[in-house]
Amino acid sequence: MTKLNLFRNTKINKPLANRNAQTRESDLITPMSEVLPGKMVKLVAFDEHLSSDHRVHFIAYGLQPGTWVEVLQQSPVTIIHFDNTELALERDLSREILCQP
């Protein structure tokens, strides 16, 4: 089992489970920028490249690891909905938010 550090880079689109085990969709970590509109995902970590200022702002809005998020739109910006809040994120920011289906 791999431990996730919220402020370290994690291997994107790699299974969390043993490589020899069958990979399930729920084992993959994906940047929010790659999630299809209409999908619900769980935020699992922030990439290490996300600035501490952005991290603090996200947490102040309630967007933190463990939060379930619905992706509403990906173009021209990523729009997400969670806990009665909608946020529009530039693509470079949505790449720094890591999720699981």
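Q: What does the side chain of Gln-74 reach at 2.7 Å?
A: The side chain of Gln-74 reaches the backbone oxygen of Val-35 at 2.7 Å. This is a predicted model in which local features need pLDDT of at least 70 and side-chain atom pairs count only at pLDDT 80 or more, while totals for chains, interfaces and linings use all residues. Residues are numbered from 1 along each chain as its sequence is written, and side-chain values use heavy atoms, with hydrogens and water left out.

Q: What makes the link between the side chains of Gln-74 and Thr-78 a polar contact?
A: The two side chains are joined at 2.7 Å. A polar contact is a pair of N or O atoms within 3.5 Å; within protein, one must be able to donate a hydrogen and the other to accept it, and residues adjacent in sequence count only if both atoms are side-chain atoms. The value of 2.7 Å is therefore within the 3.5 Å limit.

Q: Why is Gln-74 called buried?
A: Its relative accessible area is 13%. Buried means under 20%, exposed over 50%, and partly exposed in between (1.4 Å probe, protein chains only), so Gln-74 counts as buried. Gln-74 lies in the loop between β3 (68-73) and β4. Leaving aside residues up to four places away in sequence, Gln-74 touches Met-32, Ser-33, Glu-34, Val-35, Pro-37 and Arg-91, where contact means heavy atoms within 4.5 Å.

Q: How do you know that β4 and β5 pair?
A: Strands pair if DSSP finds at least two bridges between them; β4 (residues 78-82) and β5 have 5, in the antiparallel sense. Strands (E, at least two residues) and helices (H or I, at least four) are DSSP runs, numbered from the N terminus. Ile-80 stands opposite Leu-87 in β5, and His-81 faces Glu-86 of that strand. In the hairpin of β4 and β5, with 2 residues between the strands, Asp-83 takes a positive phi near 45°.

Q: Why is one side of β1 and of β5 left without a neighbour in the sheet?
A: The open sheet of 6 strands is ordered β1-β6-β2-β3-β4-β5, with antiparallel pairing. β1 (30-31) and β5 (85-89) stand at the edges with a single partner strand each, so one side of each has no neighbour in the sheet.

Q: What is the average pLDDT of the protein?
A: The average is 83, and 74% of the residues score at least 70, on the predictor's confidence scale for each residue, from 0 to 100. Over residues 1-11 the pLDDT is below 50.
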